Structures are given as C-alpha cells and as structure tokens.
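Reader: I have just opened this one and would like a walk through it. Could we take it piece by piece?

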Amino acid sequence: MTDAIVVEDVRKRYGEKAALDGLNLRVGRGTVHGLLGPNGSGKTTAVRILTTLLRPDAGRVQVAGCDVLRQAARVRGRIGLLGQHAALDEELGGRQNLEMFGRLHHLGARRARVRADELLDRFGLTDTGGKQVKRYSGGMRRRLDLAASLITEPEVLFLDEPTTGLDPRGRAEVWASVRSLVGGGTTVLLTTQYLEEADQLADRISVVDRGRVIADGTADELKARTGGDRIDVVLRDSGRLGAAVALLPFAAENVSVDTDRRLFSAPVTNRMSALTQVVRALEAAGIEAEDIALRRPTLDEVFLHLTGRSTETAAQKAAAQEAAAQETAAQQTAAQDAARAGEVV
Amino acid sequence: MSTVSTASTTDAVREGDGGNSVVLALSDFWTMTRRELAHWGRQPVQVAVGVVFPVMILLMFGYLIGGGRDVDGDYIDYLVPGTLALTMAFGLESTVIAVTRDLNKGVIDRFRSMPMANGAVLVGRSAADMLQSALSLAVMIGAGYAIGWRTHTTAGGFLGAVGLLLLFRFAMLWIGIHLALVAGKPELVQAVQILVWPVGFLSNAIATPRSMPDWLGTVVQWNPLSRTATAVRDLTSGVGGEPGHVWAAVLCPLALLAVFFPLALRRFTGLSH
C-alpha cells in the first residue's frame with residue numbers, strides 16, 4: 001500500500017523568499033506525523049499545498065493516493081483540514097455550521113443533520129449547538145472546528161498548529177480529541193512549534209527549517225540526538241553555580257549556566273535517577289537549591305543542536321525560555337485535564 | 001491556468017458521490033444561499049437598517065434638501081426613480097463588505113478545501129444580495145407612493161423598470177465582488193464606503209444635469225447610474241425621462257458584467273496561485 005502523503009522536492013517561492021525549498025516527506029497510512037518548526041519555516045505553506053489551497057511551483061505531491069494538482073477534487077473529498085485560524089462561520093451557530101458543511105459534502109439534508117448531532121455530542125457541544133460561534137470559548141471553537149474537519153471521516157487529516165493560542169485546558173481538550181481519532185485509522189499530519197505537542201501526539205516527527213526537512217525520526221530518536229531531557233536547577237546563591245556544576249553526578253557536557261537567573265541546565269538520560277542524584281549531591285555539599293525542574297528540550301535547544309544556530313535573536317530568547325517554563329507547568333495541568341477531557345470525547 | 005481551473009471545476013462537481021453534477025452544483029448553490037439567509041436571521045437589525053437607510057435618503061431629498069431643481073414636472077416623480085437607482089448603486093458597498101469579511105475569515109479555506117462546486121460561495125453572495133436589493137426596492141417603491149409618486153404606466157412598463165434596476169444592481173454586485181477579491185483587505189471597505197457617495201451623486205439621481213456646469217453635466221450623463229435612472233423615469237412617470245434610454249440602461253450594465261463577471265470568477269478560482 002502506498003503512503004498516505006508523499007511530498008517530493010516541493011518548492012514554493014513568494015517573491016524573493018523561498019517558503020519551501022525542496023521539501024520531502026512521506027507519511028504512512030494510519031500514522032500521526034508531526035511537522036515541527038519555528039514560525040516562518042514553511043509548515044503552513046506545506047499544509048496549504050497538501051490541502052489544494054495553494055499550488056506548488058515545482059515538485060510532486062500526493063495525498064491519499066491522488067495528485068493534488070491533477071486530482072484536486074478527489075483529494076478534497078478525502079481530507080479534513082483544521083487550519084491555524086478557526087475555519088467556521090462565526091455568525092452561525094455550531095449546529096448550523098456542521099449542517100452546512102455536511103450539505104456541502106453532499107450528505108443530503110437528513111444525513112447532514114444526523115451527522116451534526118453526532119459530532120456535537122462527541123465533542124461535548126450539544127448544549128451549545130445553537131449558540132453563535134463568535135460567543136464560543138477558544139477551546140470550544142477549536143473542538144467545533146475539529147468536528148467540522150471530521151464530517152466525512154477523512155482518510156487524511158491536517159492539523160495546522162491546532163493548539164496555538166489555546167489555554168492549557170483548551171490544549172488538553174484538543175489533544176484528547178486527536179488521540180481518540182488515531183485508533184480509527186485516520187492518517188494525521190500535525191504541524192506545531194512545540195516539541196512537547198509532537199512528542200505527545202506524533203509517531204514520527206520531521207523538523208522543518210527554511211522550507212526543508214532537516215531531521216526526522218521518532219520523538220525518542222530526535223531527543224537522543226539533541227541531548228534528551230534536561231534538568232534545570234536554580235540556586236539561592238549564584239556564586240555557587242560553578243561548584244554545583246562540578247558536582248553533577250553524570251556527564252557534564254553541554255551544561256548551560258545563566259548567572260543572572262542563578263540557574264544551570266544539564267541534559268539527563270534517566271529523569272528520575274538524575275533528579276534524586278542531583279538533590280542528594282547538592283544536599284551533601286550544602287548548596288541550597290531554590291527550584292529543581294525536569295523538562296523536555298525546548299524547540300530552540302533542538303534547533304541549536306540541529307542547525308548550530310538559534311531560532312531566535314538573543315533578545316527574544318529570554319521570552320522563549322519563560323514561555324518554555326510556562327509550558328512545563330501547563331503540561332502538568334494539561335495532563336490532568338486530558339484525563340478528564342478524555343471522558344468527554 | 002484557465003484550462004486547469006475549468007477541469008478542476010467539473011471534476012469537483014463530478015466527484016461528490018457519483019450523483020448528477022448539475023444537481024450537486026445546484027445543491028451547493030442553495031446551501032450557500034441558505035447560509036446568507038441564516039445570517040439575516042442572526043442580524044435582523046442590520047438588515048432592517050440596510051432597508052431603511054435608502055428611504056431616509058429619499059425623504060431627506062424629497063423634503064429637507066430637494067425641491068424643484070429645474071425639473072419639468074413634480075420633483076418627487078423625478079426623485080423617486082433616481083433614489084431607486086441610487087439604492088442599487090449603494091448595494092455595491094454591502095457586497096464589498098460581505099466578500100471582504102468572508103475572505104478574511106478562515107472559513108473560506110474550509111470551503112475551498114471541500115469537494116463543493118467552485119464558485120458556490122459567490123453564487124450564495126449573489127443570491128442573498130439580489131434578494132436584499134429586491135426587498136429594498138419593494139420598501140422604497142412603497143415609500144415613494146406614500147410621499148406622492150405617481151406612475152403613468154402599464155404593468156409591463158413597471159416590471160420592466162424593476163428589471164432594469166435589478167440588472168443594474170447585478171452589475172454592481174460583480175464589480176463589488178471583483179474589487180473585494182482584488183484588494184481583499186478591510187481598508188478597501190473604507191475606501192469604497194467613502195467613494196460610493198461622490199460616484200453615486202455624480203449622476204442625475206437627485207438633480208438634473210441642466211442645473212450643473214456643462215462639463216459636470218457630461219460626466220453625469222455618462223454615469224451608468226444616470227442611464228438606469230433615466231430609463232426608469234421614462235418607464236414610470238415620464239418626468240425626466242428620455243425616450244431611447246431603455247436600451248442604454250440594458251446595454252450599460254451588460255457591458256459592465258461582460259468585463260467584471262469573468263474577471264471576478266478568474267480571480268476567485270485563481271486565489272491559490
């Protein structure tokens with residue numbers, strides 16, 4: 001059986017700037033594939049080409065066994081798209097939206113109505129089906145959007161940054177919904193800026209930079225290549241950072257030290273044993289720690305490893321780190337929420 | 001490029017579920033028209049304001065500002081057909097607003113990634129705008145009679161006048177769609193909202209060209225709006241009418257359509273390039 005998505009040497013230019021510069025991608029049927037990259041790396045351009053919204057300048061693109069240029073209509077009948085911005089009619093109610101999209105998929109009036117009710121029920125939106133979409137919360141809107149992408153149970157589903165702009169609760173809801181789809185044999189292509197999201201949802205991940213894939217593999221393979229998880233330790237006294245780093249019980253290469261924030265960060269292989277080892281070593285040496293956290297590498301760190309250059313300028317970096325810290329906090333809440341939201345879906 | 005988009009259009013219709021392609025396309029057109037009508041249901045106040053506004057213009061010029069203006073006959077008989085045509089011209093604004101709003105929402109991407117008939121979005125827009133304009137016309141004609149408009153015409157002549165007005169509106173509709181597709185930005189809406197006023201009033205809708213400087217009178221007579229207004233006068237009360245203008249009022253909107261209809265369609269199917 002052929003792959004669900006085949007992208008060969010696809011190029012797309014906007015004026016001087018190459019949005020896609022020889023992109024290659026293969027996604028097996030029934031798998032979830034993550035396309036990971038910073039803003040402007042070409043993720044959305046790739047999704048727009050795959051969903052027939054945009055024509056590539058060169059290259060070959062197949063979705064569900066059909067050529068996106070020559071068999072665009074066939075492709076459209078087999079895909080679902082969850083774009084970066086909610087693709088809904090904000091003036092209409094949730095049920096009206098789903099019925100309209102069902103009719104446009106040529107289900108006929110009665111089946112469109114039945115399908116709308118099924119999907120509202122499945123995504124926990126039955127009570128709010130009559131409410132105008134513009135009065136929905138971010139998470140509800142995203143769930144309705146996802147429901148609209150699933151009207152015909154598509155063979156291939158495209159999710160373009162499905163959780164960008166959502167709060168942790170909304171993110172957990174979307175993650176739980178996506179997980180519930182995977183069992184049904186749907187192929188999913190997911191773009192994201194968050195390694196954690198790709199890690200949670202995707203079987204395989206391709207890292208995209210400047211319009212081409214610079215690395216791919218399973219989440220574990222990628223993390224192994226980028227130094228895996230990290231431990232962040234904040235000390236009470238920045239003067240003792242050097243002493244603390246010297247104490248590290250495991251290979252201390254690739255340790256970063258930030259004196260202003262009294263923080264050092266080191267890669268770890270075994271999360272739990274690393275945590276206990278560090279705590280014990282610091283205690284034994286009488287070095288007071290204010291905070292210790294285990295976390296996934298940030299996208300910026302993955303990038304630094306793969307490209308030797310940062311995704312951001314130095315000024316933006318602090319903000320990114322802060323966001324990453326919030327990420328970790330958010331994920332803990334999200335994981336709990338996901339368990340609860342799982343019942344909804 | 002045009003051959004590719006034509007092929008994909010027919011393909012899109014055929015694909016559905018093997019049903020009759022014409023039936024599927026009609027069903028898409030109807031679904032998109034229903035969508036626009038559902039919007040009315042959600043915003044009754046906006047629709048009402050849209051209908052009442054032209055009546056205000058009529059009353060304003062009928063009683064507040066107008067009067068006489070070098071007209072051979074009753075000014076009301078001259079003014080009512082003029083404001084009817086003006087109302088059709090101002091419809092351009094609501095078309096531009098609606099298309100721009102759609103284009104700047106993600107929903108257009110969903111429509112375009114679905115196996116629906118190409119252009120059904122535009123058909124829905126046309127149907128809704130034409131219905132709204134027909135409603136507007138009915139209210140305006142009622143208001144016209146209420147303030148003393150007297151028509152001396154046959155039923156055929158009257159219906160012909162209404163037909164000319166709607167034809168003119170249809171031309172404005174496709175100009176509006178084309179403008180919105182070309183610019184695609186909310187800033188355009190503002191520009192159009194301002195520009196419809198001078199372009200609308202640079203016509204014989206409110207005042208006769210005789211009351212204007214010669215050069216201005218010439219410009220005014222070339223305005224397609226003037227041709228429709230004159231023809232409607234000719235077909236109803238006769239005040240301000242000029243025999244022979246009916247053909248001009250048929251051909252002028254048709255010429256505009258011949259230019260802007262294909263341009264807009266091409267622009268819409270080519271959004272992806």
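Author: Let us begin with a term: a salt bridge here is a side-chain nitrogen of Lys or Arg within 4 Å of a carboxyl oxygen of Asp or Glu. Please keep in mind throughout that this is a predicted model.

Reader: By that rule, how many salt bridges are there over all chains?

Author: The count comes to 38 salt bridges over all chains. One of them joins the side chains of D21(A) and R11(A), with an N to O distance of 3.1 Å. D21(A) belongs to strand β2 of chain A and R11(A) to strand β1 of chain A, so this pair ties together parts that are ten residues apart in sequence.

Reader: And is D21(A) buried, exposed or partly exposed?

Author: D21(A) counts as partly exposed, because its relative accessibility is 26%, and R11(A), at 34% relative accessibility, is also classed as partly exposed.

Reader: Since those two strands came up, what is the strand order in the open sheet of chain A?

Author: The open sheet has four strands in the order β2-β1-β4-β5 of chain A, and their pairing is antiparallel. The strands β2 (17-27) and β5 (66-67) stand at the edges with a single partner strand each, so one side of each has no neighbour in the sheet. Further in, β1 (residues 5-14) is joined to β4 (residues 58-63) by five bridges in the antiparallel sense, and within that pairing V6(A) has Q62(A) in β4(A) as its bridge partner.

Reader: Moving to another strand, how covered is β9 of chain A?

Author: Strand β9 (residues 204-209) of chain A is mostly covered, with five of its six residues buried. On one hand, β9(A) runs parallel to strand β3 (residues 32-36) of chain A, the two being joined by four bridges, and there G34(A) has I205(A) as its bridge partner. On the other hand, β9(A) pairs with strand β10 (residues 212-217) of chain A in the antiparallel sense over five bridges, and in that pairing S206(A) stands opposite D216(A).

Reader: What lies between β9(A) and β10(A)?

Author: These two strands form a hairpin with two residues between them, and R210(A), in the turn, has a positive phi of about 50 degrees.

Reader: Let me change topic to the two chains. How much area do chain A and chain B bury between them?

Author: Chain A and chain B bury about 3,100 Å² between them, and 54% of that is on carbon and sulfur atoms. The contact draws 37 residues from chain A and 31 residues from chain B.

Reader: Which kinds of links cross the interface of chain A and chain B?

Author: Across this interface the rule finds three salt bridges, and there are also eleven residue pairs in polar contact. On the side of chain A that touches chain B, at least two residues each come from α2 (72-76), β6 (79-82), α3 (94-104) and α5 (138-149). Helix α3(A) gives the most to that side, with five residues. The residues of that side of chain A divide into 13 nonpolar, twelve polar and twelve charged.

Reader: Which side chain does D145(A) meet in a salt bridge?

Author: D145(A) meets the side chain of R110(B), at 2.4 Å from N to O. D145(A) lies in helix α5 of chain A, and it is described as buried because its relative accessible area is 0%. Leaving aside neighbours within four places in sequence, D145(A) is in contact with L82(A), H85(A), A86(A), A87(A), L88(A) and R110(B).

Reader: What about R48(A) and D109(B), how far apart are they from N to O?

Author: Their side chains meet in a salt bridge at 2.8 Å, N to O. This pair crosses between chains, from R48(A) in helix α1 (residues 43-50) of chain A to D109(B) in helix α5 (residues 107-112) of chain B.

Reader: Lastly, within chain B, what does D129(B) form a salt bridge with?

Author: D129(B) forms a salt bridge with R125(B), and the closest N and O atoms are 3.0 Å apart. Both residues lie in helix α6 (residues 120-146) of chain B, four residues apart, about one turn of the helix, and both D129(B) and R125(B) are buried. Salt bridges that share partners join D89(A), R35(B), E36(B), D102(B), R125(B), D129(B) and R169(B) into one network.

Definitions and conventions
Residues numbered from 1 in each chain as written. Chains lettered and ligands numbered in written order. Predicted model: local features only at pLDDT ≥ 70, side-chain atom pairs only at ≥ 80, totals over all residues. Heavy atoms only, no water. Buried < 20%, exposed > 50% of the residue type's maximum accessible area, 1.4 Å probe, protein only. Pairing = 2+ DSSP bridges. Contact = heavy atoms within 4.5 Å. Buried area = accessible area lost by both parts, 1.4 Å probe. Polar contact = N/O pair within 3.5 Å; in protein donor to acceptor, adjacent residues only side chain to side chain. Nonpolar A, V, L, I, M, F, W, Y, C, P; charged D, E, K, R; others polar.
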